[in-house]
Structure formats: C-alpha cells, structure tokens
Amino acid sequence: MKRVKITKYTNEKRKKVWDNYNKEQAKIKYKTSENMKYILAELWKSQPVMFVLLIAELFASVANSLFGTFTSKYVVELALGTSVRTRLAVICLLLIAGERMSKYIWNETTDYQGYVGDYKFLCHMKRKIIRRNMSADYENNESCDKNDALKKAETGSDYITWQTVNTIKYFLQAVFQVIAYGSILSLLDPVMVLIVGLPAAASYYIERHKMKWIWNMSDNWQKYDREIDYIRHAGSDFSSAKDVRIYGMDKWFSKIFAKSFDSRLGWYEQQDEWSFRHDLVRVLMIYLSNFAAYAYVIYMVVKGNIGAGDFVLYFNSIYNFGSSVRDVFDKYSGFKWLSDNISYSREYLDIEDKTNRSKGENLPSGECEIEFRNVSYKYSGAEKATIQNISFTLHKGEKLALVGLNGAGKTTLIKLMSGLYDPTEGEILLNGRSVNSYNRDEYFSLFGAVFQDIAVLPVTVAENVAGADIENIDMSRVYDCLKKAGLYDKVMNLPEKENTYLVKSVFENATEFSGGQTQKLALARALYKDAPILLLDEPTAALDPIAEQEMYLNYAEFSKGRSSVFISHRLASTRFCDRIIMIENGTIIEEGTHAELMEQCGKYAELFELQSSYYRDKEVHTNG
C-alpha cells in the first residue's frame, strides 16, 4: 500500500483532507450532547443499579482525592507542632477515616462496574445491533454499504458502552476537581490557575487536531478491517475446513491475510507517527507549565510567605489541578470521537426498511395465491436486472416448477416471492393485495422454505426441526415431519435420537449430518412450520437417487392443501408438478405442463431430451 505522506502535505492536499472530513462530519445525524444523553438513557434502561453506583463512584472518587490532599497538609502541621496538637490529631483522624471510607466505596463500585456492569451494558448494546441486523430487510445483508455500516456499528459498540460511561464519569470527576483545586490555588495567587490551566486548554486543541486526521482517514482502513475479519472467519469456519485441507488453501489464506494485514498495518504506522508528534508537543508544554508553578511555590516557601503545611497543600494541588484540567479537556475531546462511534451505531439502528414493518392488513387464512405483475429485480451495483418484466401467478393449491440453467434467476424469484427481496419494478400480490400492504414479518409466516444454503443450528435435532425451545415442541409433529422428509430412521438410530445435538464445532458429542441428510432436515423444518406456501429450491441436489425418488413420491402428500414452488435442474423431477415455467436470462420463455412443453419442442424439450439421453447412454454403456 502506498503510504500517505503525513509530514509533507501540500496546501492543496491539506485542504482536500479537511474538506473530506467536514463532509463526513456533515453526514453525522446526532450531536455530541444527544449521543451522551442516549448512552446514559440506555444505561438507565438496561441497568439502573449501575447508573446509581456510577454517581456514588463519582462523588467517592472526588472526596477521596480531597481527603488525601488535606490529610497531607495537616499531618505535616501535626508533626511540626505548628498549632494545637489535639485539634490537629482529631482533624487528621477524621480525614483519614473519610479517605478510607471513600476509597472503599470507590473500589467496590469500580469493581462492580468492571466485572459485571460493563459486560452487561456491552451485551445490551450488542443485542440491539444483532437484533436490528436479523430483523432488517434481507437485502441489507447483501449490500456492501450496509455491511460497512454494520462493521462500524459493531466496532463502535465496543467503545460506546464502558468507554463512554467512563469518559462521562471521569469528565464530571475532573470538573469537580478543577473547581476544588482551582479554588485552593486561587488562595495563593489567581495567576497560578492561568499558569497551569492555559497549557491544558492548548493541549485540547492539539489533541483535537490529531483526532480529526485519524477520523478523516478511517474510511481508508475500514475495508482492510472487513477483509481481515472475513479471512479470519473463513479460515476458522468448520464448514470450510475440508476444502482448506483438500485444496491446500491454508497457504493462500495466509497470503491474502498477510496482504490485507500489511495494508492495515501501514495505516496503523501512519496513525502512530501522526499521534507521536502531537503527543510530544503536548507533554513538553505541560511539563514546562508545571515546572513554573512548582518553582513559584518553592519561591514562596523560601521567602517565608507560606508554611510547611500550606506548601504541601499547594504543591499537591498544582499536580491535581493540572491533571484535572487536562482530564477535562482530554475527556471533552474524547466525547467527539466517542460520539462519532455512537452515531455510527445509532445510524445503523435507524436504517429504514423498504418493506412494511408497521401494522398491516390481516393475513389471509387458508390457501394463498401469489401474482407477479411485470416484476423486475436488479441487485445493488449490478449493471443488468437479474429478473426482467416477469408476470405469472401461483394459484391456490398449485404445484409449480421453475426450471432453467444456472443463473437464470430462479432463486431470485423465490426470494422475491417469499419477501426477502422487494421488486425494483413491478408488483407482487397476495390474494389480490400488494404484499407491501402486509407486515413483512407476518408475511414471512406464510412460507416454509428449503433454500440451497441451509443453516444448521447448534441445538438438538428436534429444535432444528421445530425452531423452538424443547419445552414448546410438539414431538409428534417432529416425528411426522422427519418421516415425510425421509430422515426418521437416521434420527432414531442416533445415541440420543431427536435430542442429539448437531454441529461438532460447538458440541464435542454432536452429530454431523451429510449433505443429503441436511437437506432432509431442512425439508422437515419447512414441513413442521405447516405454512400455506412451500418453497423448495433444489431440495434433492444432495440426495441419492433412491432418496430422491422417495421425496418425489411423498411430494404430493406433504404439498397437499398448500401452494408450492419446486426448483430443479433435473427436468425429469418436475413432471409431477401441475405447471412448469422455463426461465432464461431472467425472463419466462416457456410455460405449461410437462406434456405441453414436450409437444412445443422448444428449449424445455431440448434440455429434457439432452438429460434423458445422458441417462440412456449411461444405462446402455453399463449394460454393454
């Protein structure tokens, strides 16, 4: 990766950088104050106890600091006998007791926050993002922009929980200490406040300048973070473990990981270089100001203007005041950075769905009919629509087959029908009403589906089939669906039968199903849902010929009383359907029953004969 020349910015390049930064900031929806209120409101909503303890910790921390400072003053005076010893002894004992008590409260509240509170709050915010990701329009999962927004939101959630809460706490703590120690120094000389305070104010602007560049450059390394996360996941995912070993992909994974890592490291190095210069200037400035303040206090002692106890008090106050002023500005500057992260998370949570998620029309009861009217669909970033001006109707109780070559658009049609996609053009109707008039989550309940990419959950077989907790499962229905899907005998031979866990990467004693068995499991899941519309996308692709034939024989039974759509590349498997639609390049080219399409001698008949001849030739060759 070509490095950005930080030290040799031209005026033109500098202006471009800040223009980009200002444009990025203009897009941010929420103000810093709004984001801080949002985090505190979420903290109160999720953990009111932690909110109260946070306030207790704040006051205990300030009190502990002040008790310690004044204890040092009076202990010195007691040792030197500069006043009535009995009075000084009582004051010292009270201050020490106050310091110990405040220290105890501070430690206990800090421990709760660090061990329990922070984790609970982090889980609360992460759940919000996970739930939004799982409930948002399915198309968002396939959008690079939305995935970038999700990545920023997930990264931000790590910061907007404990770090934001701590920043607010430490900021308020520093404000109270600035007031307290500033008042003490003012008793000596108000100029002391300026000597220590002004450099701290200057350090804030140095820090702000540093963070602006870092934040402006974040888009440059965001893609590398996403690549590294993907490679790390793919390289460790159990589902890809066989391919990695068989095809020797470990070296390839390591190579592309190293490439992305080196690119990301380049940006880390530049960020570190940029930060080092700014931090060096800040440290030198602060050290010089503290040195001047200490020199003044020493001068006052030498001149005899203050005693030993006041010397200790002012000497400690210089450090505490300077540290507190820096903390005020440091935390204040941190608010902007944290606020941007909070905004990324909130803006992701605010992403609007194109589909209807509010109250909709009541779903129809009984059998359903779905009509496509001039429907087209174009994937985000694609040059050409995958589905183009398609119109057809899935009638009530009809068994419809979709056939065509790979890439014809069959799966896209299924996703459009089931509501996972929304048409780019045209309209989809359910029993004569636009599907957008129904609540989309309720609309999903109309479909039982078997997709090509099947998700096996790390739970028991029964829970995989029912999609529910074991207490809420109708086991007789589970058995019935397993029988219809052809998986019952296999499950009954497992050590724990339907209570056997799946996914070996999670449970050591789990069972791993074959590809064909996984398809049967997905079919059983779809049947258990008992939805009025059944969608089967290549449900026999991984089945052996005997299991495939059994499924065809059972298809008429488990599709009874419901509409169904069956996708297959094997045209011979579609003969039992009421109607067949042939798709090519995203359009319908032929439609009818198997017999009607064979009589037309078109594309369907050509592909059917081609596939049939393969099996005939194979049979002759075997017999010969």
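Colleague: How many bridges join strand E9 to E10, and do the strands run parallel or antiparallel?
Modeller: There are 5 bridges between E9 (residues 579-584) and E10, and the two run antiparallel. Strands here are DSSP runs of at least two residues, helices of at least four. This is a predicted model, with local features needing pLDDT of at least 70 and side-chain atom pairs pLDDT 80 or more, while totals for chains, interfaces and linings use all residues. Numbering starts from 1 along each chain, and side-chain values use heavy atoms, without hydrogens or water.

Colleague: Which residue stands opposite Glu-584?
Modeller: Thr-587, over in E10.

Colleague: What order do the strands of that sheet come in?
Modeller: E6-E7-E8-E3-E9-E10, an open sheet of 6 strands with mixed pairing. Two strands pair if they share at least two DSSP bridges. E6 and E10 (587-592) are the edge strands, each pairing on one side only. Ignoring direction, neighbours in this sheet are turned by 15° against each other on average.

Colleague: And the sheet with E1 in it, what's its order?
Modeller: That open sheet has 4 strands, E2-E1-E4-E5, with antiparallel pairing. E2 (387-394) and E5 (433-434) have a single partner strand each, so one side of each has no neighbour in the sheet.

Colleague: What links E1 and E4?
Modeller: 5 bridges, between E1 (residues 370-377) and E4 (residues 425-430), running antiparallel. Glu-371 has Leu-429 in E4 as its bridge partner.

Colleague: Switching to helices: at what angle do H3 and H4 cross?
Modeller: Roughly 150°, and the axes of H3 (residues 48-80) and H4 (residues 85-135) come within 7 Å.

Colleague: What classes of residue make up the contact of H3 with H4?
Modeller: It has 22 nonpolar, 10 polar and 6 charged residues. Charged covers Asp, Glu, Lys and Arg; nonpolar is Ala, Val, Leu, Ile, Met, Phe, Trp, Tyr, Cys and Pro; the others, Gly included, are polar.

Colleague: Which residues lie nearest the pocket centre?
Modeller: Leu-420, Ala-449, Phe-451, Ala-455 and Arg-525, out of 35 lining residues. Elements that give two or more residues to that lining include H4, H12 (410-418) and H17 (515-529). By class, the lining has 15 nonpolar, 9 polar and 11 charged residues.

Colleague: How many cavities of 30 Å³ or more are there?
Modeller: The structure holds 1. The largest cavity has a volume of about 30 Å³, and Arg-132, Ala-136, Asn-140, Tyr-348 and Ile-351 line it.

Notes: Axes are lines fitted to C-alpha atoms, for helices over the stretch in contact, and angles run from 0 to 180 degrees between N-to-C directions. On a 1 Å grid over the protein atoms alone, a cavity is a set of points where a 1.4 Å probe fits but cannot get out, and a pocket is an open set with protein on both sides within 12 Å along at least five of seven lines; lining residues have an atom within 4 Å of a point. Grid points are joined across faces, edges and corners, and a volume is the space filled by probe spheres set on the points.
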